[in-house]
Amino acid sequence: MRLRVAAATWILLVAAVVEPGARADPTPVASPAAPAKPSPTPVASPAAPAKPSPTPVASPAAPAKPSPAPSVAGKKSVTPWARGVPEAAQSRALQLFQAGNVFFEQAKYTEAVAKYEIALAAWDHPNIRFNMAICLINMRQPLVAWDHLKQALRFGDAPLGKRLHTEAMTYLAVLESSLAELTVASTQPDIKVMVDGGQALTGAGEHTMKLLAGKHQLVATLPGYVTDSRALDLPAGKSVTEQIVLVPEKLKIARGRWQWWTPWAVAGSSVVFGLVGGGVYLSARSEIKHYDQDLARLCPIGCTDAEIPGALKSRATSARHKSEVAIALWSGAGALAITAGVMAILNRPHKLEDHRVTPGLTVARGYVGVGISLTVD
């Protein structure tokens with residue numbers, strides 16, 4: 001029953017990663033997922049590659065098995081992938097590797113990956129990388145699996161053996177057909193290019209990365225230059241190059257709504273109104289003072305309203321009217337002062353915001369994409 005379930009899993013995996021329209025070869029081929037089971041003890045000598053399993057090679061639908069356990073380096077011969085790794089760390093990595101293989105054979109890929117990650121921290125061995133990649137493929141994480149396969153192949157076929165090396169190359173080719181490759185290039189120093197929020201390029205040069213096919217966001221910034229923001233749609237199995245050239249910012253200053261002297265003229269008017277109002281108020285105050293003096297001489301012991309002469313009453317009425325006019329002039333002066341202040345603020349020169357829609361063209365072999373980006377300064 002376990003064999004049938006695992007076989008179905010690999011059939012789905014192969015169907016998921018091959019390109020649309022491709023069909024599997026009916027002729028049985030060597031499966032990338034059928035390396036030999038781990039030995040309970042160290043298998044190969046430090047300089048000898050892992051030997052292929054003597055068991056018959058399984059078909060592409062056969063369940064995956066972990067690669068053979070890496071050997072612990074001896075004192076006389078140290079392989080490149082074991083150089084600088086103490087024997088104690090190698091032994092610990094071997095134990096964790098074998099524990100992960102138990103979960104691997106039970107199709108418990110999450111648990112196996114957890115063991116392999118700890119093993120890699122002790123000893124970065126290509127066999128551990130290979131098994132980690134197979135688990136991640138089953139966990140539908142092709143981008144991370146591709147990175148582990150590249151690490152597993154960095155020493156060639158010596159640590160893996162001829163058969164596992166061939167299988168790893170087959171897996172790598174299948175993954176690369178489902179991933180996209182993006183190259184970011186620029187000749188401008190101090191430029192910073194971010195892809196999906198991660199640093200992709202700093203300064204002049206170019207950087208190539210593998211990404212999942214589909215939607216991505218590229219943002220390039222440089223002080224004093226207009227920010228370039230691009231929405232990318234990367235095709236599977238294709239290489240796309242984005243050449244970044246930022247243009248300098250053009251500072252646009254908007255002039256005020258009025259002539260520069262207009263707010264100052266309004267402010268001057270408020271001063272004039274205030275001064276006139278002050279003069280009228282002083283005149284009214286003087287008239288009231290004289291009215292009080294004349295009234296005191298005419299009526300030292302007090303008079304009724306009827307006893308006050310009409311001329312004297314008119315002087316009092318005139319003084320009150322002047323006071324009202326003075327208050328009105330002061331109110332106008334205050335209103336003009338506020339108006340002048342508001343006009344001065346609104347009349348200041350300011351930088352214009354530049355809202356631009358920039359078209360972009362992405363060209364690759366067998367693919368052409370067109371997009372637009374909105375730039376706001």
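**Helix pair.** I looked up how α2 and α3 run relative to each other: they are roughly antiparallel (angles over 145 degrees count as such). The axes of helix α2 (residues 87-105) and helix α3 (residues 109-122) cross at roughly 170° and come within 8 Å. I took axes as lines fitted to C-alpha atoms over the stretch in contact, with angles running from 0 to 180 degrees between N-to-C directions. Helices here are DSSP runs of H or I with at least four residues, and strands are runs of E with at least two, both numbered from the N terminus. I then listed the contact (heavy atoms within 4.5 Å). On the α2 side the contact residues include A89, R92, L96, F97 and F104. On the α3 side, Y109, K115, Y116 and A122 are among them.

**Source notes.** The model is predicted: local features need pLDDT of at least 70, side-chain atom pairs count only at pLDDT 80 or more, and totals for chains, interfaces and linings use all residues. Residues are numbered from 1 along each chain as its sequence is written, and side-chain values use heavy atoms, with hydrogens and water left out.

**Salt bridges.** I find that the structure holds 9 salt bridges, each a side-chain nitrogen of Lys or Arg within 4 Å of a carboxyl oxygen of Asp or Glu. For burial I used relative accessible area with a 1.4 Å probe and protein chains only: buried is under 20%, exposed over 50%, partly exposed in between.

R230 pairs with E242, with 2.5 Å between the closest N and O atoms. R230 sits in strand β6 (residues 228-234) and E242 in strand β7 (residues 239-244), so the pair ties together parts 12 residues apart in sequence. E242 is buried, at 4% relative accessible area.

E167 and R163 meet at 3.0 Å, N to O. I place both in helix α6 (residues 162-178), 4 residues apart, about one turn of the helix. Both E167 and R163 are buried.

D157 bridges to K162, with the closest N and O atoms 2.6 Å apart. D157 is partly exposed at 25%, whereas K162 is exposed at 63%.

I also noted a salt-bridge network that links D124, R129 and R154.

**Surface patch.** W258, I338, V342 and L346 form a nonpolar surface patch with about 360 Å² of accessible area together. Patch members have over 30% relative accessible area and no salt bridge; nonpolar side chains (Val, Leu, Ile, Met, Phe, Trp, Tyr) are joined within 5 Å, like charges within 9 Å. Areas come from the Shrake-Rupley method with a 1.4 Å probe; for residues, only the protein chains shown count as cover. I checked L346: it lies in helix α8 (residues 310-346) and, at 38% relative accessibility, counts as partly exposed.

How values were computed:
Parallel < 35°, antiparallel > 145°, perpendicular 65-115°, else oblique.
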